[in-house]
Amino acid sequence: MNTGKQLSTEIDANVPTAARMYDYYIGGKDNYAADRAACEELDKVVPSTRRLALNNRRFLQRVVRTLAAEHGIRQFLDHGSGLPTQDNVHQVAQRHDPSAHVVYVDNDPMVLVHGRALLEQDERTTVIHADMRETEAIFEHPDTRRLIDFDQPVAVLFNSVFHCIPDSDTDGPLAVVRRVTERLAPGSFLLMCQLVSEDPEVRAFVTDFMDQVTQGHWGRVRQEKDVVEWFEGLEILEPGLVEVSTWRPDSDVVPRQLSHEWIEFGGVARKP
């Protein structure tokens, strides 16, 4: 896929990005006043967003830990990875096996800046500056080919990112999932989740608001039925497709998503 755009390497502090807003919500320091202001406006309509972001981060960590510890996965391809924070994918995976390889993919130039620093510290981890829809470019990138053996099982992560791209027959989430799945060896896994709401007013507000503040770098808030479609033909791991704070929680007392104006919905599946 070719987006038709050259990805910018310039960081514009005045235009919020989903990566930096997410960073702010989970307590990171790599965000600007414009990002924080956008989060404050978003909170007026969907006040559970900070809890949602934190729960999503914990979900990602549990999935990586599960795939590494229980399924022996040692290769991870993380699309729309966002800014590095504590307990990143490579840190969780490498706690179970120091030889685990991780490729991060993001189109935010600020992520690339941090990724270069990360690359200097860990030769088993790299960051690619690319649009998550550019499957061919990502899979054939020299750094991807250096770290990932696609003849062996790999975990492909689309964690809370598909709401950042619009629907399209060739480049929407379903098309991306199908392109990626075709390239994976049997026994590979896909993590997929996104922001959903069954309230049409919430979907419309958040979609329009984020599209405006990010200057078009947004797709839409979807419904659960849209996410279910992405998993067709795959073997879904228990407990199925759920609000992510309920996916194999570490204990009965961990935080749950209490507000339901919108939720993070999805799960993990295996390619047979």
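So, confidence first: this is a predicted model, and the protein chain averages a pLDDT of 90, with 93% of the residues scoring at least 70. The exception I want to flag is residues 1-5, where the pLDDT is below 50. That stretch has seven contacts in the model beyond near neighbours in sequence, but where pLDDT is low, the predicted coordinates should not be read in detail.

Okay, on to helix α3. It covers residues 49-71, so to speak 23 residues in all, and from first C-alpha to last it reaches 31 Å, close to the 33 Å expected at 1.5 Å a residue.

Now, what lies over the face of Tyr24? That's Arg50, at 5.0 Å from the ring centre.

Let's talk aromatics. The count comes to six aromatic pairs. Take Phe59 and Trp247: the ring centres are 5.7 Å apart and the planes sit at 80°, so we call that pair edge-to-face. What I like here is where the two partners come from. Phe59 is in helix α3, while Trp247 is in the loop between β7 (242-243) and β8 (263-270). They're 188 residues apart, so to speak, and the pair links distant parts of the chain. Both Phe59 and Trp247 are buried.

Then there's Phe158 with Phe162. This pair is stacked, with 4.6 Å centre to centre and 20° between the planes. Are these two buried or exposed? Both Phe158 and Phe162 are buried. And Trp230 comes in as well: Phe158, Phe162 and Trp230 form one aromatic cluster.

Technical notes: Residues numbered from 1 in each chain as written. Predicted model: local features only at pLDDT ≥ 70, side-chain atom pairs only at ≥ 80, totals over all residues. Heavy atoms only, no water. pLDDT = per-residue confidence, 0-100. Contact = heavy atoms within 4.5 Å. Helix = DSSP H or I, 4+ residues; strand = E, 2+ residues; numbered from the N terminus. Expected span 1.5 Å × (residues − 1). Phe/Tyr/Trp six-rings, centres within 6.5 Å; stacked < 30°, edge-to-face > 60°. Buried < 20%, exposed > 50% of the residue type's maximum accessible area, 1.4 Å probe, protein only. Lys NZ or Arg CZ within 6 Å of the ring centre and 35° of its normal.
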